[in-house]
Amino acid sequence: MRSDLFDPLFADPEVSARVGDDAVVRAMLDVEAALARAEASVGVIPADAADAITAACGGTFDAAALGRAAQSSGNPVVPLVRALEKVLPESARPWVHHGATSQDILDTALMLVAHRASGRILDALRTGTDALASLASDHRRTLMVGRTLGQQALPTTFGLKAAGWLVALDTAASRLRTVRETRLAVQFGGAAGTLAALLDRGLTVGTALAAELELAEAVVPWHTDRQRVLELGSALAGVGAALGKLALDLTLLASSEVAEVSEGGGGGGSSAMPHKRNPAGSILIRSASIRTPGLLATLHTAAAQQEHERATGGWHAEWEPLRDLFDVVGGAAARTARILPDLRVDADRMRATLDATGGVLLSENVSGALAPELGRSGAHDLVKSAVAKSAESGRPLRAVLLDEADGRIDADRLDAALDPTRYLGSAEALVDRALAAHADVWRGPAG
């Protein structure tokens with residue numbers, strides 16, 4: 001349900017406009033007009049009837065009135081066709097909706113809606129991923145703590161962290177674009193999937209209809225095969241998941257104790273605490289990732305409730321969750337595109353956090369570096385003991401090691417092993433690979 005109170009927080013007006021009631025009605029009208037033109041192009045209905053139907057479909061019809069009138073039939077296509085008949089000349093009335101069933105029109109309309117709305121989402125994702133690519137490139141050598149299982153682990157770079165976000169979001173965007181370009185198909189099967197009302201012209205009309213709407217042509221009618229809807233929903237949910245992971249990391253990095261990044265503009269305020277600068281954008285993006293699994297689960301449940309040639313309720317159950325997925329994922333993508341270009345990265349704070357461990361995060365490297373002098377087991381035991389004493393006393397690991405080793409280790413070799421810039425492995429090369437992959441993903445227009 002659309003909300004004037006909450007939609008500004010969770011939805012993108014541009015996406016919502018493309019999946020809202022008026023947009024669905026417009027898409028249904030576009031399908032009816034395209035069907036008439038397709039049938040006229042292959043000689044199934046008179047050309048003047050197709051012209052009249054196309055003209056009538058250019059008019060405006062009240063979505064609320066159609067919804068009220070749909071209660072007896074169970075879908076809004078039936079009252080829409082009746083409304084069209086009232087404004088058509090008598091000679092054209094027999095030809096509107098000819099050979100089609102209500103599900104043909106509404107399924108195809110939702111495919112049109114999905115095509116139009118996903119283009120907007122892809123545009124936002126391109127903006128967001130371009131910003132991530134810039135962050136990855138600019139911060140390829142910005143040292144920070146890498147964290148695993150909630151604990152500080154090894155040194156890494158913010159550039160590599162941004163590259164990880166980038167690849168995940170590029171992958172999700174690529175999947176959505178593939179669905180948009182190849183899997184959004186015309187639904188055309190008639191009352192029971194046989195196109196019987198069109199005699200031997202059904203397949204010809206279906207081909208012409210797909211060409212009119214610039215959608216894919218299905219092998220057979222997919223009235224009760226909802227794989228296309230699942231692929232679309234899964235692609236949207238994948239975008240939501242990638243955005244949610246990114247937003248979760250940003251909220252953690254922006255926490256007071258860490259404060260390594262912040263949203264532009266200082267973040268959001270609190271109604272009670274003037275000092276608060278909450279990462280409001282990231283918080284709202286996270287909300288999408290929390291909501292999308294439930295919406296996708298409804299689509300999966302509906303896909304399994306598709307008996308025989310036409311479903312009793314399984315089809316109907318998809319309409320609102322699918323539009324809600326577009327709303328929440330579209331809103332998250334748009335907000336991501338706004339906050340990432342202005343994200344503030346505190347490189348000094350990141351380095352200070354890394355240095356605050358006193359070198360403990362480099363214990364693995366130190367142990368390996370000392371092995372030639374002390375042996376593998378001896379180096380391991382010495383470093384393990386020194387790490388424990390460093391943690392207990394608060395002294396830097398270097399000082400403890402030099403004391404414990406009693407002259408057995410070379411100070412210069414130890415200093416080299418404790419230099420985090422020398423223990424980043426393939427971090428820069430991985431950033432380069434992510435940037436190259438990003439350029440490949442977005443060759444050509446986004447939406």
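Residues are numbered from 1 along each chain as its sequence is written. In this predicted model, local features need pLDDT of at least 70, side-chain atom pairs count only at pLDDT 80 or more, and totals for chains, interfaces and linings use all residues, while side-chain values use heavy atoms, without hydrogens and water.

Start with helix α7 (residues 102–138). Helices here are DSSP runs (H or I, at least four residues), numbered from the N terminus. The axes of α7 and helix α10 (residues 227–253) come within 12 Å and cross at roughly 25°. Axes are lines fitted to C-alpha atoms over the stretch in contact, and angles run from 0 to 180 degrees between N-to-C directions.

Which residues of α7 and α10 make the contact? From α7 come Met111, Ala114, Ile121, Leu125 and Leu132. From α10 come Leu232, Leu236, Val239, Leu243 and Leu246. Contact means heavy atoms within 4.5 Å. The contact has ten nonpolar, no polar and no charged residues. Ala, Val, Leu, Ile, Met, Phe, Trp, Tyr, Cys and Pro count as nonpolar, Asp, Glu, Lys and Arg as charged, and the others, Gly among them, as polar.

Now turn to helix α3 (residues 21–41) and helix α6 (residues 77–87). They pack at about 60°, with axes 11 Å apart. That angle makes α3 oblique to α6. The crossing is right-handed. Met28, Leu29 and Glu32 of α3 meet Val77, Leu80, Val81 and Leu84 of α6. Six of these residues are nonpolar, none polar and one charged.

Next, the cavities. Two of 30 Å³ or more turn up in the whole structure. On a 1 Å grid over the protein atoms alone, a cavity is a set of points where a 1.4 Å probe fits but cannot get out, and lining residues have an atom within 4 Å of a point. Volume is the space filled by probe spheres set on the points, which are joined across faces, edges and corners.

The largest cavity has about 40 Å³. α11 (280–304) gives the most to its lining, five residues. Leu9, Phe10 and Arg335 are among the lining residues.

Helix α7 returns here, with the largest share of the lining, three residues. Met111 is one of the lining residues, and Met111 also belongs to the contact with α10.

Conventions
On a 1 Å grid over the protein atoms alone, a cavity is a set of points where a 1.4 Å probe fits but cannot get out, and a pocket is an open set with protein on both sides within 12 Å along at least five of seven lines; lining residues have an atom within 4 Å of a point. Helices (H or I, at least four residues) and strands (E, at least two) are DSSP runs, numbered from the N terminus. Angles under 35 degrees count as roughly parallel, over 145 as roughly antiparallel, 65 to 115 as roughly perpendicular and the rest as oblique. A crossing is left-handed if the near helix is turned anticlockwise from the far one by less than a right angle, and right-handed if clockwise.
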